[in-house]
Every structure is written in structure tokens, then in C-alpha cells.
Amino acid sequence: MWVGKNAEKHDVGGSARKHKALSLLGRRLHKPKSILELLSGLVCFIMIAMHFSNSAQTDEAQTKMAQPTVAHPAVAPAVTHPSQAADRGVRIAVVIPCFRVKAHLGDVIAAIGEDVGAIYVIDDACPEHSGAWVKANLGDARIRVIEHPTNQGVGGAVISGYRAALADGFEIVVKIDGDGQMHPVDLPRLVRPILLGQADYCKGNRFFHPEDLAQMPLVRLLGNGGLSLLSKLSSGYWQIFDPTNGYTAIHGAVLANLPLHKISKRYFFESDMLFRLGLMRAMVIDVPMKARYGNEISQLRAWKVAPEFAAKHLRNFIKRIVYQYYLRDMSIASLELPLGLLLSAFGLIFGSMQWMRSVTAETTASAGTVMLAALPLMLGIQFLLNALAFDMAAQPREALHPLLERSGQTTSHE
């Protein structure tokens with residue numbers, strides 16, 4: 001009862017304050033004493049409207065987050081382990097791209113459990129002839145070697161494995177690097193959210209345990225942090241970290257609907273996958289993984305790929321915004337983003353011009369001039385922050401694969 005009375009008093013007090021603010025705003029807009037007062041009244045009106053809009057968006061987002069994820073009616077009973085998946089006929093395949101990893105390849109394949117139905121070893125024109133070595137030395141009947149006459153990059157190798165696994169009818173496809181950094185023992189945990197119908201795509205996250213970061217090289221640590229921020233912007237998956245982690249699992253129905261021929265074939269492959277999955281609104285989940293580093297040699301040179309990655313992330317970000325907020329759907333963010341850009345640009349350019357004019361003429365700008373530059377800039381930044389908050393709240397919350405068909409691919413996303 002005490003809580004109810006206090007809540008009622010709080011609501012009454014809040015309503016009174018809103019009424020008082022609106023009354024004051026009405027008087028300012030009805031009989032403004034100057035252009036400056038009219039502008040300030042309009043700004044107050046916009047800020048109040050944005051406050052109400054933000055409150056509604058926040059309440060809606062919190063309501064969605066509070067609701068438990070409900071599996072699609074067509075989803076079969078939950079599976080908690082790959083052995084149960086095998087009993088149900090769920091087939092799991094592993095794809096291993098190979099380029100100068102022969103020293104670790106045998107141990108990686110030997111550690112893959114019996115629940116995996118096929119192991120696709122992709123020899124990407126490896127100088128060590130990994131494919132021939134596997135054929136000659138490993139007798140696992142699940143191994144299927146695919147050899148590229150020319151090097152296509154890690155993405156090209158994985159895509160070849162993906163296509164082979166789809167052609168053979170596998171329901172879940174896992175990608176493991178052959179350098180030994182990804183332990184096959186973690187595979188059951190990686191595929192579990194997909195088996196439970198909670199995700200379409202799962203990836204490892206080496207940043208989950210802070211104590212494990214001490215063994216990560218500093219350059220790689222800083223690079224991953226920067227790439228994670230860029231990937232959040234370009235893909236829209238704000239809850240995902242460690243985008244370059246190649247330990248991934250994907251449902252076959254989602255994989256069959258991806259435009260594989262458009263995905264980057266080089267080191268940008270993992271980030272480009274997230275971008276394409278984001279356009280589909282697929283459910284992506286991070287799975288905590290231990291960082292493992294030994295004597296393997298990384299082929300990625302951060303200082304060389306940084307400009308290329310930044311340009312490709314910018315391209316994907318623009319594509320995602322256009323497709324997500326103007327072609328497929330429209331929302332309040334579709335208005336806030338262009339208004340924010342225009343107002344911010346006007347305030348910045350006009351303010352800079354007036355400042356240079358004042359410095360040149362050695363005069364002081366009037367209060368009206370300052371407000372005419374400052375108010376649009378403040379409003380523009382507020383609009384942009386609101387659009388960003390809306391984008392961060394607009395995350396996929398249910399798995400997509402129960403609604404998809406495996407046969408054929410969807411129309412390509414640009």
C-alpha cells in the first residue's frame with residue numbers, strides 16, 4: 001500500500017511537471033518577444049517530444065527483453081548435446097581451411113568427436129600440400145579433401161566447404177581453423193544454442209574471461225577492440241564482440257539463404273558474414289572460448305589490412321542503414337538520422353564561418369548568431385544519439401532458421 005501511494009504521488013508529480021512545462025512552452029510559442037525566444041521555444045518543444053519518444057522506445061525495448069524467447073512451433077524438441085542431435089538425425093559437418101597448418105592439422109582432426117558426420121579439409125593451394133598429406137596419413141573415413149588449384153583466401157576456402165556440406169545435406173556446419181587455436185572439445189558448446197533453437201549462428205568470444213587476455217598479444221588485443229567497434233556499426237550486432245574469431249557454427253537453412261558469392265574471400269570473411277547475417281536479421285550468439293596461443297604463425301598483418309577493413313566496414317555500414325531503415329522498413333530512426341546529419345552539419349559549418357568572420361573582423365558575434373549555430377548542432381547530436389540508441393535496441397531476438405527453406409537462395413542483398 002505504501003509503495004502504491006508513493007507511486008501514485010510520483011505519477012501525479014510527474015504529470016504536474018509535464019503540464020507546467022507544456023504551459024510555459026505554449027506561452028512562449030504563442031507570443032514570442034523575439035526570434036531568439038521563438039527558437040528556444042521550438043527547441044524545447046522538440047526536446048520534450050524526443051523525451052517522450054525515447055521513453056516509449058525504452059519501455060518497448062525493456063518489455064521485449066523481459067519476455068522469454070519462445071521457440072517456433074515448427075521446431076522439434078530441444079537437443080542439448082550433439083550425441084542427442086545424432087539420435088534425432090541432425091547432421092553436423094566441420095570445415096577446416098588449410099594453408100601452412102600441416103604441423104597442427106593432424107592433432108586438430110584427431111580431436112574432432114564422433115558426433116561429427118563429415119570433415120571437409122580445404123587445401124587452399126597450400127605450399128605444404130596439406131590435402132595430399134591428409135589423404136596419405138589420415139585414415140578417418142569422415143574426411144573429404146577439396147583442393148583449390150589457386151589460392152582463394154580463408155573465406156574462399158570456407159565457402160567451398162560450406163557449399164560441399166550443403167550439397168551433402170548437413171544441418172549444422174562448423175568452421176575450425178587448422179592451426180590448433182580452436183579446440184574441437186568446445187564444439188558441443190558452440191552448436192548447443194543452434195540445437196536448442198536459440199540461434200542461427202554461433203561464434204567464439206575470446207574476450208569473455210578477462211584473466212585470459214593476459215596471454216593475448218597487445219597488438220592483437222588492441223586490433224580486436226577496434227575491429228569489434230567497426231563490426232558493431234557495420235553489422236548491427238551490438239552485443240557481439242571478437243568479430244575476427246573464426247570458430248563458428250551456422251544452421252544449414254540460414255547458410256543456404258546467404259549470397260555466398262558476395263561474401264569476402266579473404267581475411268574480411270568473418271566480418272562480412274556478420275554483415276550478411278545482419279541483413280537477414282539472423283540470431284547471432286557469442287559463445288565464451290578460452291584463448292589458445294602456441295607456436296602457430298598468423299598470416300594476418302594488422303597494419304596492412306587496417307585501411308582495407310575500415311573501408312569495407314564503412315561500405316557495409318552505409319548498405320545496412322539504407323537497407324534496414326529505408327528499403328525494408330522505416331522507423332523513427334529513419335527520420336532522426338538524416339535530421340541529425342543535416343542539423344549537425346549546418347550548425348558546424350555556420351558556426352565555423354561566423355567564428356572565422358568574427359576573428360577576421362575582430363568583432364564579437366551576437367547572441368542570436370551564437371544560438372543559431374549552437375542550437376542546430378545540439379539538436380543534431382541529440383537526433384544522432386537517439387538513432388544510435390534505437391539501432392542498439394533493434395536486435396534480433398528469435399532464431400530465423402525455423403522459417404527458412406533450405407532449397408535455393410534468397411534474393412541477393414545489396
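Biologist: Which residue in S6 is the bridge partner of Tyr 201?
Modeller: In this predicted model, local features need pLDDT of at least 70 and side-chain atom pairs count only at pLDDT 80 or more, while totals for chains, interfaces and linings use all residues. Residues are numbered from 1 along each chain as its sequence is written, and side-chain values use heavy atoms, with hydrogens and water left out. Strands are DSSP runs (E, at least two residues) numbered from the N terminus, and strand S5 (residues 201-205) runs antiparallel to strand S6 (residues 248-251), the two being joined by three bridges. Within S6, Tyr 201 has as its bridge partner Ile 250.

Biologist: Which strands stand at the edges of the sheet?
Modeller: Two strands count as paired if DSSP finds at least two bridges between them, and the open sheet of seven strands, with mixed pairing, has the order S3-S2-S1-S4-S6-S5-S7. Each edge strand has a single partner strand, so one side of it is left without a neighbour in the sheet, and these strands are S3 (143-148) and S7 (284-288).

Biologist: How many disulfides are there?
Modeller: A disulfide is a pair of cysteine sulfur atoms within 2.5 Å, whereas the sulfur of Cys 98 is 7.1 Å from the closest cysteine sulfur, in Cys 126, which is too far for a bond. By this rule, the count of disulfides is zero.

Biologist: Is Cys 126 buried or exposed?
Modeller: Buried means under 20% relative accessible area and exposed over 50%, with partly exposed in between, using a 1.4 Å probe and protein chains only. Cys 98, at 1% relative accessibility, counts as buried. Cys 126 has a relative accessible area of 3%, and is therefore buried.

Terms used: Helices (H or I, at least four residues) and strands (E, at least two) are DSSP runs, numbered from the N terminus.
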